[in-house]
Each structure stands twice: as structure tokens, then as C-alpha cells.
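Work through each task before turning to its solution.

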Amino acid sequence: MAPVKDSAAADDSLRTHLRAATMAAHDLLDHAMQAASGWQTRSDYARFLALQHAARVPLEDWLAHHAPGDLSPPPQTPLLARDLAALGLGLPAPAPGLTASKPAAGEALGTAWVLAGSALGNRAIAKQVARIGGGEWPTAFLGDDTMMAFWQGLRARIERPAEPDEAEGATRAAEAVFAHFLAVAEHGHAPESLPA
Ligand code: HEM
């Protein structure tokens, strides 16, 4: 499922720019995650949650140290840990961390956009998971309302044009975050074996 065009965002807005710049990366990631885990069975879904957890730990850590409060999305890793525990699983090893350098203009914004924007896709996945799992599988992560509330607030920041250095930093960071998720999906930092 690729991001669809949203008429709410003006064409010269930062959001439109970020979506265009990362559309191919998003498609690649969507396919890689479906190949690496998907959510067709309980163990697929557990692997999906484990991948999400492994990828998000260093990103949330980086944001906690470098992003201003209004660009720190609510952490998702505690919700992922809760879902994994409900499936009888421990936590996977986190993916390698990001460089701890001070962010340039726009980098925290671009990182926050990817993490918060993924909640849009999560809504669609949640519906499928509810159907496939017969409503039995835990969905603290996929159904997180606080991330959707954060997303609504972030829209005001991105549905307007940005200064060139901010747009450049946000794009660079967004591309790096997609590449990070892709590496986790392709090289599997999730546990090797999960119960069926
Ligand atoms: C695993 C499979 C995935 C599926 C099926 C999926 C699906 C979607 C869908 C349907 C949308 C569009 C929602 C809308 O416009 O109303 C979307 C947007 C988006 N997704 Fe994904 N997604 C997936 C994974 C990810 C991941 C892992 C990330 C990043 C960590 C991500 C980041 C984003 C971003 C940044 C947007 C755009 C937000 C915006 O419109 O500004 N997605 N996704």
C-alpha cells in the first residue's frame, strides 16, 4: 500500500515534498516488511512487531536526546513490548543505533514525520489484523491513539512550505529513517525463531 495523494496538503508544502521524495523508499519498505514478516498468521504478526520494535528503539532514543518536545512522537516501543508479551514473546535485540550527533535543521522534523506518518499505514494494517486474528491479537501498537493525536499536531508544521535548509535536513533524515527500517526488514534483527 503506497501513500495516496492527499488534497489537504498544498503542493509546495513540506509534507508533499517529503512524500514525493520517499515514495519509492516507502514502496520498497512496504514490500520488504511484507516479505520479512507480514501479518497473515500469528507468528508472522509477532515477527512484524519484533521488526518494528528493533527498528524503533534507536530512533526513539535519538529523538529523546535530540528532538524538542513538540517533535518527539509518543514512544511506540513500550506498546510493541506489551503486544509481544501478550503473544508470549520477549524483546528482540535493537537495531544498531544512529550517530549521536546534534541534528541539523529539519532532521528531527523529518524523523518525526516518518515515525508519526507510519501510524496512517498502521490504521490500515490494524483493520486487516483484526480480521485475520479474529480480534484476538493484541494491537496496542497498531491502534495507538496518542500517535494519531501527535500526527494531527505535526500536520500543522508540515502542511506549509519550509525554509530550504529545513526541507533539505528533513528530507535527508526521512530518507535515512526509511533506509534504517529497510535494513532491519532485510537483514532481520528480529528473533530467528518465533513460536507458531
Ligand atoms: C509495513 C507495511 C506498510 C504499509 C502497508 C503501509 C501503508 C501506508 C498507507 C496506506 C499510507 C497512506 C495513508 C494515507 O495517506 O491515508 C502510508 C503512509 C505513510 N507511511 Fe506507511 N505503510 C507501511 C509501512 C511503513 C513504515 C514501516 C513506515 C516508517 C517507519 C511508514 C511510513 C509512512 C509515512 C511516512 C507515510 C506518509 C505520511 C503522510 O502522508 O505524510 N510506513 N503507509
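A cavity is a set of points, on a 1 Å grid over the protein atoms alone, where a 1.4 Å probe fits but cannot get out, and its lining residues have an atom within 4 Å of a point. This is a predicted model, in which local features need pLDDT of at least 70 and side-chain atom pairs count only at pLDDT 80 or more, while totals for chains, interfaces and linings use all residues. Residues are numbered from 1 along each chain as its sequence is written, and side-chain values use heavy atoms, with hydrogens and water left out.

**Exercise 1.** Find which residues line the largest cavity.

*Solution.* Begin with the count: the structure holds one cavity of 30 Å³ or more, and the space in the largest cavity is about 30 Å³. Next, list the lining, which consists of Gln76, Ala119, Asn122, Arg123, Phe141, Leu142, Asp144, Met147 and Met148. Finally, assign elements: helix H4 (107-132) and helix H5 (145-158) each give two or more residues to this lining, and the largest share, three residues, comes from H4.

**Exercise 2.** Identify the protein donor of the iron atom of the ligand, and then find which side chains lie 2.8 Å from a ligand oxygen atom.

*Solution.* Start at the metal, where the only protein donor (an N, O or S atom within 2.8 Å, or 3.2 Å for Na, K and Ca) is NE2 of His26, at 2.1 Å. His26 belongs to helix H1 (residues 14-36).

Methods
Helices (H or I, at least four residues) and strands (E, at least two) are DSSP runs, numbered from the N terminus. On a 1 Å grid over the protein atoms alone, a cavity is a set of points where a 1.4 Å probe fits but cannot get out, and a pocket is an open set with protein on both sides within 12 Å along at least five of seven lines; lining residues have an atom within 4 Å of a point. Grid points are joined across faces, edges and corners, and a volume is the space filled by probe spheres set on the points. A polar contact is a pair of N or O atoms within 3.5 Å; within protein, one must be able to donate a hydrogen and the other to accept it, and residues adjacent in sequence count only if both atoms are side-chain atoms.
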